[in-house]
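Please keep the sequence and the model in view while reading.

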Amino acid sequence: MSMTAKEKLEVIVRALDMKRGENIQVLEISDLTILADYFVIVNGTSNTHVKTLADEAEFKLSEKGVEPLRTEGYQSASWIILDYGDIVVHVFMKDARSLYQLENLWADGTAVDITSYLTED
């Protein structure tokens with residue numbers, strides 16, 4: 001059975017949150033582009049943490065039978081992209097995230113409330 005985009009988002013956000021991803025944001029961009037319906041943006045604290053975040057999101061979706069169409073950036077681990085078609089996950093090092101400022105580039109997108117997916121600290 002295929003998962004809805006919202007179900008996939010929940011799995012991704014929970015996985016990133018569980019591994020202590022920083023400043024997780026979800027933007028709905030379906031009205032702006034055919035690239036995807038949603039961008040998930042998060043940053044890690046080190047190259048190892050960035051890889052861990054990407055691995056965890058990929059693993060949790062894989063458990064549900066969902067595989068990325070493509071992945072990029074594992075070599076440098078400063079910006080890893082997991083492309084699921086309807087959802088593109090961007091896992092950044094903090095400085096790379098500041099540099100590329102996807103949130104500003106896609107400022108016309110709609111921020112999605114993900115508080116229900118996050119664990120209380």
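Which residue in strand 2 does Gln25 stand opposite? In this model, which is predicted, Gln25 stands opposite Ile41 in strand 2.

**The sheet**

The pairing of strand 1 with strand 2 is antiparallel and runs over 5 bridges, while strand 1, made of residues 22–28, also pairs with strand 6 in the antiparallel sense, over 2 bridges. Within strand 6, Thr110 is the bridge partner of Glu28. These pairings belong to an open sheet of 6 strands, arranged in the order 3-4-5-2-1-6 and with mixed pairing. Its edges are formed by strand 3 (70–72) and strand 6 (110–111), each of which pairs on one side only. Helix 1, which covers residues 5–18, packs on the sheet and touches strand 1, strand 2 (38–44) and strand 5, and its direction makes about 5° with that of strand 2. As a general point, the side chains of a regular strand alternate between the two faces of the sheet.

| Pair | Sense | Extent |
|---|---|---|
| Strand 1 and strand 2 | antiparallel | 5 bridges |
| Strand 1 and strand 6 | antiparallel | 2 bridges |

Asp86 lies in the loop that runs between strand 4 (79–83) and strand 5 (87–93). Because its relative accessibility is 18%, and buried means under 20%, Asp86 counts as buried. The side chain of Asp86 is joined to that of Lys8 by a polar contact of 3.0 Å. When residues up to four places away in sequence are not counted, Asp86 touches Ala5, Lys8, Ala36, Asp37 and Tyr38.

Is Thr115, in turn, buried or exposed? Thr115 is found in the segment after strand 6, and because its relative accessibility is 53%, where exposed means over 50%, Thr115 counts as exposed. Although Thr115 and Val13 are 102 residues apart in sequence, they are 9.7 Å apart in space, taken from C-alpha to C-alpha.

Note on methods. Residues numbered from 1 in each chain as written. Predicted model: local features only at pLDDT ≥ 70, side-chain atom pairs only at ≥ 80, totals over all residues. Heavy atoms only, no water. Helix = DSSP H or I, 4+ residues; strand = E, 2+ residues; numbered from the N terminus. Buried < 20%, exposed > 50% of the residue type's maximum accessible area, 1.4 Å probe, protein only. Polar contact = N/O pair within 3.5 Å; in protein donor to acceptor, adjacent residues only side chain to side chain. Contact = heavy atoms within 4.5 Å. Pairing = 2+ DSSP bridges. Axes fitted to C-alpha atoms, helices over the stretch in contact; angles between N-to-C directions.
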